[in-house]
Amino acid sequence: MHARMIKFNSMESRLQHLARQLAAETGKPLVLDLSDCRLQIDRAILERLMGPLEHLLRNCAVHGIEDTAARCAAGKPPSGQLRVQAGHEGNEAVIRVGDDGRGLDLVAIRGKARQRGLPAARDASDAGLAELIFEPGFSTSAQVSALAGRGIGMDVARAEVAALGGRMTVHSRPGQGVLFTLYLPLSLAVQQVCLLQHGRQQYAIPSTLIDSVLQLRSEQAHQALEQRVLEVNGRRLALYPLHHLLREQLEPEQDADLELKAEAADQADTDSAFALLIKSGDELMVIMADHVNGNREVVVKPVGPQLATLAGLVGATVLGDGQIVLILNPLLLAGSRHADGSVVTPGVQ
């Protein structure tokens with residue numbers, strides 16, 4: 001494990017070179033601050049993370065930092081400030097990328113969302129509007145250039161972070177800048193996972209993605225399944241049954257058998273299901289499984305090229321009894337389906 005770890009600031013020269021290159025490309029004087037980087041992280045994670053980090057810095061320089069005249073008029077230093085901080089919080093690596101620019105133009109984002117017909121455009125909060133920058137093809141730039149306007153990159157950056165078992169949030173303050181926060185596991189070799197029972201098969205989900213676990217009684221579980229929504233502390237959260245995310249097709253005999261079991265459970269009122277609240281940026285989504293078998297630290301095994309292309313499958317592990325358990329990322333599984341339920345990319349069978 002020690003041999004796999006590497007200091008985050010070993011990439012300082014590469015990031016400083018990128019800052020100088022961005023300053024030349026944009027014509028804006030830029031200063032990159034890497035003084036608060038005390039993180040040691042798995043080499044494989046850091047290598048895969050450099051692409052998203054470079055894109056976030058490029059996004060801050062092109063979209064966030066104002067030109068020199070606008071900065072001086074706002075009472076800011078002439079040079080734009082880019083910051084990267086990296087450290088530990090609990091069992092997670094936390095990396096923050098930010099700037100001191102103008103912040104997100106929420107008015108332009110709402111207008112672009114309305115133009116594209118996105119349902120969140122009408123009554124979304126400021127946090128909800130900020131999340132729209134991760135929509136594929138979303139850009140508020142009026143002109144397409146070599147630096148911006150294509151709407152390509154932010155969704156890819158978040159997807160790469162999610163593929164590493166992490167998540168990304170964004171916060172913006174008008175006139176003060178944007179802050180991207182990345183939460184990642186410290187290692188790809190050993191992870192804390194939550195084991196789920198789904199029928200006769202066990203699956204695992206990285207524990208860092210789970211906010212909390214709720215046990216639902218029969219009536220509450222069936223109502224949530226029908227509405228595909230679970231109300232938690234006054235919030236209505238989108239619910240995804242695990243069999244739906246896995247694209248499992250029930251045979252007619254199985255379907256009828258499940259209905260009979262459900263009716264019997266309703267009469268006895270002893271049936272229950274487990275709802276797992278999954279962190280999705282600053283929001284939450286819910287997946288439902290038959291049973292939760294608790295947390296466990298496991299050694300993560302690669303699944304090989306044949307399975308690596310399946311959406312949502314991030315690894316596998318072998319339990320003490322020899323059972324092979326697939327490690328799933330619910331965010332990637334949910335993202336592989338359109339709102340109408342049609343498939344975007346193949347799921348796990």
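Start by selecting Leu239 and Val286: Leu239 stands opposite Val286, a residue of β14. The model is a predicted one. The two strands at this spot, β12 and β14, run parallel and are joined by 3 bridges.

**The sheet around this pair**

What is the order of its strands? The sheet is open, has 5 strands and reads β10-β13-β14-β12-β11, with mixed pairing. At the edges are β10 (210-217) and β11 (229-232), each of which pairs on one side only. From one strand to the next, the twist averages 35 degrees.

In general, strands of a sheet pair through backbone hydrogen bonds, in a parallel or an antiparallel sense.

Next, select residues 235-241, which form strand β12. This strand pairs with β11 over 4 bridges, in the antiparallel sense. Two of the residue pairs can be picked out by name. Val229 has Ala238 of β12 as its bridge partner, and Leu230 has Leu237 of β12.

Go to Arg228, in the loop between α7 and β11. Arg228 is not a glycine, yet its phi is positive, near 55 degrees. Its relative accessible area is 35%, so Arg228 is classed as partly exposed.

Then move to Asn233, in the loop between β11 and β12. The hairpin of these strands has 2 residues between them. Asn233 also has a positive phi, of about 50 degrees, although it is not a glycine. Is Asn233 buried or exposed? Asn233 counts as exposed because its relative accessibility is 78%, where the cut-off for exposed is over 50%.

**Arg167 in β6**

Select residues 167-173 to show strand β6, which includes Arg167. Arg167 has a relative accessible area of 10% and is therefore buried, as the limit for buried is under 20%. Display its side chain: the side chain of Arg167 reaches the backbone oxygen of Thr208 at 3.3 Å. Leaving out residues up to four places away in sequence, Arg167 touches Glu92, Val161, Thr181, Leu182, Tyr183, Thr208 and Lys279.

**Leu182 and the nonpolar cores**

From that contact list, take Leu182 as the next selection. Apart from neighbours within four places in sequence, Leu182 is in contact with Leu49, Leu53, Leu56, Ala93, Val94, Ile95, Val161, Arg167 and Met168. Where does Leu182 stand in the largest nonpolar core? Leu182 is among the residues with the most contacts inside it, together with Phe8, Val84, Ile95 and Phe180. This core has 52 residues. Color helix α2, residues 43-64, to see the element that gives the largest share of the core, 9 residues. A separate core, apart from this one, has 23 residues, including Leu245, Phe274, Ile287 and Leu333.

**Arg71 in α3**

Select helix α3, residues 68-73, and within it Arg71. Arg71 is counted as buried because its relative accessibility is 1%. Show its surroundings next. Beyond residues up to four places away in sequence, Arg71 touches Ile65, Glu66, Lys76, Pro77, Pro78, Ser79, Gly80, Gln81, Asp100 and Gly101.

**Cysteines**

Select Cys60 and Cys194 in turn. Cys60 is buried at 1% relative accessibility, and Cys194 is buried with a relative accessible area of 2%. How many disulfides does a search of the whole structure find? The search finds 0.

**The whole chain**

Finally, clear the selection and color by secondary structure. The protein chain comes to 11 helices and 17 strands. Of its 349 residues, 45% count as buried. Among contacts in the chain with a separation of 6 or more, 65% are between residues 24 or more positions apart.

Notes:
Residues numbered from 1 in each chain as written. Predicted model: local features only at pLDDT ≥ 70, side-chain atom pairs only at ≥ 80, totals over all residues. Heavy atoms only, no water. Buried < 20%, exposed > 50% of the residue type's maximum accessible area, 1.4 Å probe, protein only. Polar contact = N/O pair within 3.5 Å; in protein donor to acceptor, adjacent residues only side chain to side chain. Contact = heavy atoms within 4.5 Å. Pairing = 2+ DSSP bridges. Axes fitted to C-alpha atoms, helices over the stretch in contact; angles between N-to-C directions. Core = buried A, V, L, I, M, F, W, Y, C linked by side-chain atoms within 4.5 Å. Disulfide = S-S within 2.5 Å.
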